[in-house]
Amino acid sequence: MLVHAGKTLFTEDELRCKGSGLLILAPGFDLELLKLRVAFDMPMSVNSCCRSESHNRAVGGHPRSLHVCDKPYWPTGGCCSIDVGTRHRGEGYRQKLIKLAESLNWSVGIHPHFIHLDRRVDYTSRPRATFPY
Ligand SMILES: [Zn+2]
């Protein structure tokens, strides 16, 4: 689990693949997650973090998804993406998360029900991006 100042910010079960149970994070990704979570200082529900290649296929994920933790397309060494559920949060919550993530160099995918966040800038040659689904 990821702990800061004695408080559990993410549990292993929140981060592991919902299909396979695998939990393989890209080296350093846990620290970026903590930085984001501490700065955000609001509740975060994790819709999706790690995905095995087969689970990613089963849920219709992109073939080169940065969620894939066991056979990643990019040389990440593990998952470097997280989807934060926003279905029951207000637009203020969404905008705060989007602006903060952008300022911390996360790439941001904006879906009506969740915000996808990834660290492509740390593990691939692709630049930071903000994009809609
Ligand atoms: Zn995602």
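I count two strands as paired if DSSP finds at least two bridges between them. The model I am reading is a predicted one.

Entry one, the sheet. I looked up strand S4 (residues 81-85) and found that it pairs with strand S6 (residues 114-118) in the antiparallel sense, over five bridges; glycine 85 has phenylalanine 114 in S6 as its bridge partner. I then traced the whole open sheet, whose five strands follow the order S3-S4-S6-S5-S7 with mixed pairing. Strand S3 (45-48) and strand S7 (130-132) each have a single partner strand and stand at the edges, so one side of each is left without a neighbour in the sheet. Helix H4 (residues 91-103) lies across S4, strand S5 (107-110), S6 and S7, and it runs at about 10° to S6.

I found five aromatic pairs. The ring centres of tyrosine 73 and tryptophan 74 are 5.1 Å apart and their planes stand at 80°, so I logged this pair as edge-to-face. Tyrosine 73 counts as exposed at 54% relative accessibility, whereas tryptophan 74, at 16%, counts as buried. The charged end of arginine 64 sits over the ring of tyrosine 73, 5.6 Å from its centre. Elsewhere I noted that ring pairs link Phe114, Phe131 and Tyr133 into a cluster.

Note on methods:
Residues are numbered from 1 along each chain as its sequence is written. This is a predicted model: local features need pLDDT of at least 70, side-chain atom pairs count only at pLDDT 80 or more; totals for chains, interfaces and linings use all residues. Side-chain values use heavy atoms; hydrogens and water are left out. Helices (H or I, at least four residues) and strands (E, at least two) are DSSP runs, numbered from the N terminus. Contact means heavy atoms within 4.5 Å. Axes are lines fitted to C-alpha atoms, for helices over the stretch in contact, and angles run from 0 to 180 degrees between N-to-C directions. Rings of Phe, Tyr and Trp (its six-membered ring) pair if their centres lie within 6.5 Å; planes under 30 degrees apart count as stacked, over 60 as edge-to-face and the rest as tilted. Buried means under 20% relative accessible area, exposed over 50%, partly exposed in between (1.4 Å probe, protein chains only). A charge sits over a ring if NZ of Lys or CZ of Arg is within 6 Å of the ring centre and within 35 degrees of the ring normal.
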